[in-house]
Amino acid sequence: MLRPLKAQPLTLVLQDLGLKPERVRTIGDEPMLMHSDGQHALCCVPAQEHAAAAAKNELLSFVRSQLSENGACLLFLEGARTEAELAQWREALWPLVHLGAIYELSTRGIQRRTLGKREALKGATGLAGTLLVGRRVTHVLSPQATREKFDSNAAGWNLQPGKPGWKHYRWMRRFVGHFTPAQRFDRVLDFGCGAGWVGIEAALRAGTQTLDFFDPSPEMVRHAEENARACGLHSARGRVGYGEAPPFPGEGERPYPLVVCSGVLSFSPDPQAFFDGLLRALEPGGTLVIGDIQRDSRGMRRRRETKALLPVRELNAWTHTQTRAELERRGLRFEAACAYQYSRPLPQLMHFNEVKLGGALDGLFVSLNALASRCCGQSYESFDSWVLRFTRPD
Ligand SMILES: C[S@@+](CC[C@H](N)C(=O)[O-])C[C@H]1O[C@@H](n2cnc3c(N)ncnc32)[C@H](O)[C@@H]1O
């Protein structure tokens with residue numbers, strides 16, 4: 001089903017991507033024998049071929065044989081394709097490759113699409129079709145890529161009071177931070193803290209000043225430190241590190257009676273090592289509260305079917321059932337679970353409110369979300385996020 005394609009007609013696109021044409025390999029080229037830096041794999045799907053699922057094995061075996069760890073996977077689909085079909089080709093590439101950009105090529109021009117962005121490039125390629133551009137998932141989720149991604153948009157993740165969406169942002173963090181039991185804990189660890197709000201909420205509720213937190217992004221840690229101090233947590237301590245090898249507890253330090261971890265598992269390149277890290281951080285008798293996005297909610301499933309470009313975490317996420325089973329297998333005792341963030345169409349309405357109405361209805365949406373979780377928080381398919389609580393037997 002797949003055909004070879006020469007890199008030459010794509011010169012303008014390769015330039016835009018910063019790729020060297022001589023590093024592009026296609027069907028029929030000798031397979032890569034040794035690790036080769038920056039080697040890209042390019043192939044073509046003829047216009048009459050639409051069955052992405054049927055092409056999966058052939059596609060993945062070609063990509064595996066030609067794509068280096070840091071190279072780009074280039075899949076050119078001849079002719080007209082719907083967005084839903086592009087989503088199927090993205091699925092065919094997963095879990096080897098994650099789609100990061102799409103180039104729409106016509107005889108008149110080139111349109112580049114990335115998440116939430118569309119731009120016209122100068123010139124044309126002479127080809128008519130869609131070029132999908134992806135990278136190995138291991139590369140997209142690599143420690144360096146994660147650190148760069150969050151460092152470069154740390155201010156965006158640290159929402160500011162009064163900005164559209166602020167009330168909802170804080171409500172979500174409070175929801176997870178307050179899923180802890182109503183009791184005192186003398187030390188709290190926020191595992192993948194981002195701007196720190198889940199740990200801050202948990203520490204305030206636990207009645208402790210001792211909040212430790214870490215994140216791969218030094219910029220996020222800096223924001224978390226500032227936010228904690230602004231909330232009166234003056235002995236809060238931040239470190240840079242990854243959940244797969246957590247920097248807390250360090251050498252000679254004790255594990256924690258309370259660990260909170262929100263929205264982080266879905267970014268992990270190695271979930272088994274991540275779970276090992278969580279258990280290492282939790283003392284016997286301690287409580288773990290972990291939350292993340294619900295991969296199989298109504299809204300997430302629809303996004304996967306209808307949108308070609310999605311954040312990698314939406315594909316990499318675990319459901320609450322999978323996470324619970326994994327943590328129980330590791331000896332943790334399940335205590336409670338709840339779903340939150342009502343799914344489609346609430347996020348779409350909230351987006352409209354933030355972009356078009358300047359967040360005027362923020363309060364209303366927070367109340368609706370809170371009510372929905374209270375009334376039907378066990379109906380996981382209807383919510384985009386989940387939170388689970390466990391204890392570690394003594
Ligand atoms: C969606 S944010 C959530 C932040 C925060 N926990 C919250 O709920 O607001 C995800 C955070 O996870 C961090 N992260 C990504 N991969 C990680 C990993 N492997 N280990 C620990 N943290 C990670 C990112 O740097 C980012 O700050």
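Predicted model: local features only at pLDDT ≥ 70, side-chain atom pairs only at ≥ 80, totals over all residues.

Trainee: What makes β1 and β2 a pair, then?

Mentor: Strand β1 (residues 24–26) and β2 share 3 bridges in the parallel sense, and the cut-off is at least two, so they count as paired.

Trainee: Which strand does β2 join through 5 bridges?

Mentor: That's β3 (residues 72–78), which runs parallel to β2. Leu42 stands opposite Leu74 in β3.

Trainee: Why is β2 called largely enclosed?

Mentor: A residue is buried if 20 or more other C-beta atoms lie within 10 Å of its own. In β2 (residues 40–45), 6 of the 6 residues are buried, so the strand is largely enclosed by the rest of the structure. That goes for both faces: His40, Leu42 and Cys44 point one way, Ala41, Cys43 and Val45 the other, and all are buried.

Trainee: And how do you know whether Leu17 is buried, exposed or in between?

Mentor: Count again: Leu17 has 17 other C-beta atoms within 10 Å. Buried takes 20 or more and exposed takes 12 or fewer, so Leu17 is partly exposed. This residue is found in helix α1 (residues 11–17), and it touches Ala72 and Val133, leaving aside residues up to four places away in sequence.

Trainee: What makes β1 and β6 edge strands?

Mentor: The sheet is open, with 7 strands in the order β1-β2-β3-β7-β4-β5-β6 and mixed pairing. β1 and β6 (117–121) each have a single partner strand, so one side of each is left without a neighbour in the sheet. From one strand to the next, the twist averages 25°.

Trainee: Where does an antiparallel pair turn up?

Mentor: Between β4 (residues 97–105) and β5 (residues 110–114), joined by 4 bridges. There, Glu104 has Gln111 in β5 as its bridge partner. As for α2, that helix packs on the sheet, touching β1, β2, β3 and β4, and its direction makes about 155° with that of β2.

Trainee: Last one: which residues are closest to the ligand?

Mentor: Gly192, Gly194, Gly243, Ser262 and Phe267, out of 21 residues that surround the ligand. By class, that shell has 10 nonpolar, 8 polar and 3 charged residues.

Notes: Residues numbered from 1 in each chain as written. Near = placed C-beta within 6 Å. Nonpolar A, V, L, I, M, F, W, Y, C, P; charged D, E, K, R; others polar. Helix = DSSP H or I, 4+ residues; strand = E, 2+ residues; numbered from the N terminus. Contact = placed C-beta atoms within 7 Å. Axes fitted to C-alpha atoms, helices over the stretch in contact; angles between N-to-C directions.
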